[in-house]
Every structure is written in C-alpha cells, then in structure tokens.
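Here is a short briefing on sheets and helix packing. Please look over the sequence and the model first.

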Amino acid sequence: MRKTVRLGHPDFGKAFPCRCTEDEDADQRLARLQRYSNLGALLRLTFDDLMARGRSPRPQDQERFAAAVAAARQFAGEPSGWLVFSGPSGCGKTHLAAAIASRCIEQGRPALFMVVPDLLDHLRAAYRPDSDIGYDELFELVRSAPLLILDDLGVHSSTPWADEKLFQIVNHRYQARTPTVFTTARDVGELDPRLQTRLGDVPLSAVHRLEAARGGAIEMDALDLPLLRGMTFKAFDPQHLTSDREELKFIRDAYRQALKFAEEPRDWLVIAGGTGRGKTRLAAAIGNYRREADPGVLFVIVPDLLDRLRSAFNPQNPKAYDEVFEQVRNVPLLILDDLGSQTGTPWAEEKLFQLLNYRYNACLPTVITTSLTVKDMDGRLASRLTDPQVSSILLMGRFDFWGKEKAAAPARPTRGRGRRST
C-alpha cells in the first residue's frame, strides 16, 4: 500500500506493507512469498545443495562456474542490476537462478520465477474471457516484479507477437533498472539484437558463461588438460631438454621468438624439431599466455582433430561436421600440435590442406608443431608453411628441417610483416 501524503513528503510514492502483512507471522509470510515466487518444485534448489564448481570436468569451466556462484550469492544478498547465466543444458544455470530466488524468500524479499515459454503461454491464455487473471494484470505483475527471474530465454517459439511481448518486459525493466536474472542456453550474441543490447549493457548487466558450448571443436581443446595447463613460459626450462650447448642455443632462440609471438600473434609460427625437444611445451606456453587475455585460442593435436572430423561426418546430416570445421578454421588463434603424426590418408591430407589453406589465405594467426622435414611434407602444405612472408620457422635444436645443406640454419629472428601480393 502507499500512504496518502503530499508531493515532496519523504514517504510519497513509497510502498509500505499493509496491516494484514504486518500481522502475519514468519511462517505465513514465507508461505505467501513461496506462492508468489512460482518456483513450485524448484524451491528445493538452494545454494546449500549446489555443486560449488559445477558438473563439468574441464578446469576452465569449473573456474567459470565458481565465479558465477560467487556473483549469484552476492546478488541474492542485495539484488541490484542484472545477472545473465548462459550455458548448455544441464550446466546448472537454472539451479543458480532458483537458488537466488530461494535465498531472497528466506530473507523475506519477493522474487518471481518465470520460464519464458510458459510465461508467453500464460499471456496468450490471459486474453480469454474466462481467464482467472486478465492480460493487463498479468503483464504488469511480471514486468514490475521487485525481482524477476526469466529462465530459458531464447527457447520460445519465435513469433512477432512473442518477440514483441518479451522485448516489452525486458525493455521496461532495463529502463527502470529493476533487478533481473536471466538464464539462456544461447550466447547473448545469438539473441534478438534488441535483447543483445540490453543484456550486454556492461554497467547494468553481468554475463556469466558457465560452460563452453558442447559438441563442437571446443571438446578437442587440449589446453584444459592438467599437464598442458602447466606448460607456461615461466615453467619452460631449456636445460631440462638437452645439455648440448648448440642445441640449447637453438631452443633459447626459439623461446624468445615464441614469447614475442604470444605477446602479439600475427602470421604463422612453425616450431620444428625432433621428439623430446619441447615443441609442444612451447606451443602450449603460447596458448596459455594468450588465453589469459583472449579466450579465442584452440589447441588441438592433429590426429585428434581428424578423428573428431571423421566422427562428425555424416552424409545424411553434414551440419555437425560443418560446424566443427567452421569453428576450427575461424578460431582467432589456432595451435596445431604434432603435424605429421596422423595417418596419411588422402582424406586426412585433403582436410588438413583445406584447413591450413583457408587460414593461409585469411592471414589468421596459427602455430604448428611438427617433426617433419620439408621434403617429407605434402608439397601444398610445405609451400604454405615455408612462405617467408607469412611463416616463421623456429628450430628446436639441430634439426634438418630444410635439408642437409641448411641443417645448421638458426631460427629466423623476425616474422614476415608484409602481405603476399595476389
């Protein structure tokens, strides 16, 4: 209720509990807030039974989830601004949202939980003359809720009417800066552009991606494996690889050039050498360094990549294959480890050429490790990997990459900054 006071009075426009609300005991208030919340069976989902680091086995996803839990706890303590939880089905985003609502109810604050497709169905049904609640009343109840939680944003049937109603609700709360929580299985960038601008407004909205999308190239990312995660520039010690002074000179030169590339990835870097000379360690160090500032890094072992492409290929449904291949060839920084260890079938050679030729023509930063020499490579690949305008070759020791006449050639100290003429 609101008090009848003059304009300018401190209580003007403020809502106050009515007498019946003040007279109810704690159990009655809790029951009323639970009914209002629309949580139903989801009332069982609380912070107490939440897995603190999520369900994903990937360390990076676990860190993401832990950060989201911390943000959710802080938000539940004092709801302010917007929270967006995105991730694949089953990653725990609905549990987080329901836990926020449950904590608010425990503290005596109202929270309204609505599954977006259900909300739209209720709004449609409210148009009927025999509806228990009128459309205007329901619409106002939702858009003006003190705390609104919209679950499964983006999975509704996209009709002009549904999109418009949803936007009206979101836009009203955006303009009023009313506390709101969203969950979605889609990236914010995939939503309706009008929703993107609201949910992506950094001063108001905090977006937490709980897990990387499943079923794509990300599943092959080896940088999430514990051993490779520990391969950093700080942990790289050439003296653990060899005691030969000449070999150490090559490896130290390669280390310096790799660090320079990691600071500013451009063009291609080919790290060549025999087994046990630190090629993978150096490539992983580049990946781990870049990932600190940019998540657009993919580290894949070549045989694993080809196995993943084979498993995704289905002539009746090529979509899965196309999505994986598209992700790999367009990732901002691709690290291909152990080129040449794959089974050399015509299909494998063709896929690798398509991938590398695309990145060559698009001038996309790429790191490749190999124990092959130029003469052992497919001629098409060799011409691209050794193009001096695009690719720098780092030799990990006295490795006969170019042929016997160039066996003692050191790592090239600079990378080609110019572009090929076409």
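Predicted model: local features only at pLDDT ≥ 70, side-chain atom pairs only at ≥ 80, totals over all residues.

Residues are numbered from 1 along each chain as its sequence is written, and side-chain values use heavy atoms, with hydrogens and water left out.

**Terms**
- Helices (H or I, at least four residues) and strands (E, at least two) are DSSP runs, numbered from the N terminus.
- Two strands pair if DSSP finds at least two bridges between them.
- Axes are lines fitted to C-alpha atoms, for helices over the stretch in contact; angles run from 0 to 180 degrees between N-to-C directions.

- Strand 1 (residues 82-86) pairs with strand 5 in the parallel sense over 5 bridges.
- F85 has H208 in strand 5 as its bridge partner.

**Sheet 7-8-9-6-10**
- This open sheet has 5 strands in the order 7-8-9-6-10, with parallel pairing.
- Strand 7 (297-301) and strand 10 (391-395) each have a single partner strand, so one side of each is left without a neighbour in the sheet.
- Strand 8 (residues 333-339) and strand 9 (residues 366-370) pair in the parallel sense over 4 bridges.
- L336 has I368 in strand 9 as its bridge partner.
- Helix 11 (residues 279-291) packs on the sheet and touches strand 6 (268-272), strand 7, strand 8 and strand 9 (contact means heavy atoms within 4.5 Å).
- The direction of helix 11 makes about 160° with that of strand 7.
- Helix 14 (residues 346-362) lies across strand 6, strand 8 and strand 9, at about 140° to strand 8.

**Helix 6 on helix 7**
- Helix 6 (residues 135-143) and helix 7 (residues 160-176) pack at about 45°, with their axes 9 Å apart.
- That angle makes helix 6 oblique to helix 7 (under 35 degrees is roughly parallel, over 145 roughly antiparallel, 65 to 115 roughly perpendicular, and the rest oblique).
- Helix 6 contributes Y135, F139, V142 and R143 to the contact, and helix 7 contributes K165, Q168, I169, H172 and R173.
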